[in-house]
Amino acid sequence: MSGLGLVLHPTRDVTEVVGIIARWATRHRKTLMVRAEDKHRVPASVEPVPESELAARVDALISIGGDGTMLGALRSAILDPKPVLGVHLGRLGFLVEVEPPELPEALSRLLSKDFTVESHACLACDVCGDDVVAFNDIALVRQPGSGFVTATLAVDGQQYGYYRADAVVVSTPIGSTAYSYAAGGPLISPAADAVVVTPSAPMAGISRSVVLSPEEKIRLELEANSSAVVVEMDGLVFRDAATEGAVEISYRRNAGLVVRFDPLRYQERNQLKMGLLDLPFLPEQLRELLPHELRKAQEELPPPC
């Protein structure tokens with residue numbers, strides 16, 4: 001392994017974690033790279049490169065942040081998928097696995113290729129002629145105060161019906177725990193291949209989630225009477241105030257690669273999180289329900305806003 005790319009949380013202080021990685025890289029004579037926009041946040045030993053070149057020039061990516069940072073790292077490597085190691089700086093997430101104190105051992109295992117790779121699918125989307133990818137979800141969301149999203153749903157060219165709702169969310173299995181779940185959609189096993197279409201606060205038309213095969217092509221087209229719509233990709237605004245057009249969505253397997261050192265531990269942790277999603281407890285109460293190992297790792301969890 002010759003080079004590692006760093007993908008940093010956009011606002012959190014990553015100094016301590018980057019320092020651990022930089023010292024390890026110096027000892028093992030490995031090159032570290034970061035996108036040029038983040039060069040002021042890393043030591044001088046880390047090479048800045050154009051964002052478009054980062055994934056292509058390294059053997060693996062290290063995501064430092066939470067699930068959102070991890071999704072960004074996966075999207076950045078969509079043309080040439082590289083293993084992504086997630087280092088946890090956020091709250092309880094579903095993708096990241098490694099805590100900062102575990103980093104030296106994790107990096108050594110990464111170097112010796114003592115890990116497994118977990119493959120993730122994405123949604124390949126044509127948004128009014130622009131190609132984008134989403135590993136969690138893509139959503140058509142109404143602008144506040146501007147009415148409702150009104151869009152028709154077609155699957156493999158066959159019209160299914162229409163939505164009139166605050167939002168229409170199309171998600172992957174790993175995205176089923178995010179916006180789709182908040183809108184009332186089902187939890188889909190990460191081991192499953194499926195696409196979920198869920199309306200948020202439906203007023204008319206299709207009012208329940210639709211679970212589709214990964215082979216089916218989805219088309220959502222705005223109706224003439226729709227309000228202005230924001231198109232979100234993994235929670236990020238891709239297009240603002242769209243009043244016409246269509247989004248065509250296909251499911252793409254093996255689009256992202258996630259490093260796993262202990263798949264069983266990761267699976268047990270996520271099963272626990274999924275089981276706690278609906279419990280009306282405060283974070284400090286939830287900690288008491290965690291296994292000792294996870295409770296110790298989460299002692300520094302910040303209080304809710």
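**Strands, cores and salt bridges in the predicted model**

Strand E12, covering residues 195–200, pairs with E14 in the antiparallel sense, and the pairing runs over 3 bridges. Val 196 has its bridge partner in E14, namely Val 211. As a reminder before going further, this is a predicted model. The two strands belong to an open sheet of 6 strands, ordered E14-E12-E11-E8-E16-E17 with antiparallel pairing. At the edges stand strand E14 (210–212) and E17; each has a single partner strand, so one side of each is left without a neighbour in the sheet. Direction ignored, neighbouring strands of this sheet are turned by 15 degrees against each other on average.

Zooming out for a moment, the chain has 8 helices and 18 strands. It runs to 305 residues, of which 49% count as buried. Of the contacts in the chain with a separation of 6 or more, 67% come from residues 24 or more positions apart.

Neighbours within four places in sequence aside, Ser 171 is in contact with Leu 123, Asn 136, Asp 137, Ser 176, Ser 180, Ala 194, Val 195 and Val 196. Val 196 in that list is the residue whose bridge partner in E14 is Val 211.

What does Val 170 touch, once its neighbours within four places in sequence are left aside? Its contacts are Leu 123, Asn 136, Asp 137, Ile 138, Val 195, Val 196, Val 197, Ile 218, Leu 220 and Ile 249. Val 170 also turns up in the largest nonpolar core, a set of 29 residues in which Ile 138 and Val 170 have the most contacts. Apart from that core lies another, of 27 residues, with Val 42, Ala 60, Ile 64 and Leu 103 among them.

Ser 189 is 16 residues from Pro 173 in sequence, with 6.1 Å between their C-alpha atoms. Ser 189 is also one of the contacts of Pro 173 beyond its neighbours within four places in sequence; the others are Ile 188, Pro 190, Ala 192, Ala 194 and Tyr 251.

With neighbours within four places in sequence left out, Asp 131 is in contact with Cys 125 and Asp 126. Asp 131 and Glu 248 are 117 residues apart in sequence, while their C-alpha atoms are 9.6 Å apart in space.

On the charged side of things, a search of the whole structure finds 16 salt bridges. In one of them, the side chains of Arg 35 and Glu 51 meet at 3.6 Å, N to O. Arg 35 is in strand E2 (residues 31–35) and Glu 51 in helix H2 (residues 51–54), so the pair links distant parts of the chain, 16 residues apart. Arg 35 counts as partly exposed at 28% relative accessibility, and so does Glu 51 at 44%. Both belong to a network of salt bridges that also takes in Asp 38 and Arg 41.

Another salt bridge joins the side chains of Arg 75 and Asp 234, at 2.7 Å, N to O. Arg 75 lies in helix H3 (residues 67–76) and Asp 234 in the loop between strand E16 (229–233) and strand E17 (236–242), so this pair ties together parts that are 159 residues apart in sequence. Arg 75 and Asp 234 are buried.

Arg 219 and Glu 221 form a further salt bridge, with their closest N and O atoms 3.4 Å apart. Arg 219 is partly exposed, with a relative accessible area of 30%, and Glu 221 counts as partly exposed at 33%.

Technical notes
Residues numbered from 1 in each chain as written. Predicted model: local features only at pLDDT ≥ 70, side-chain atom pairs only at ≥ 80, totals over all residues. Heavy atoms only, no water. Contact = heavy atoms within 4.5 Å. Core = buried A, V, L, I, M, F, W, Y, C linked by side-chain atoms within 4.5 Å. Buried < 20%, exposed > 50% of the residue type's maximum accessible area, 1.4 Å probe, protein only. Helix = DSSP H or I, 4+ residues; strand = E, 2+ residues; numbered from the N terminus. Salt bridge = Lys/Arg side-chain N within 4 Å of Asp/Glu carboxyl O. Pairing = 2+ DSSP bridges. Axes fitted to C-alpha atoms, helices over the stretch in contact; angles between N-to-C directions.
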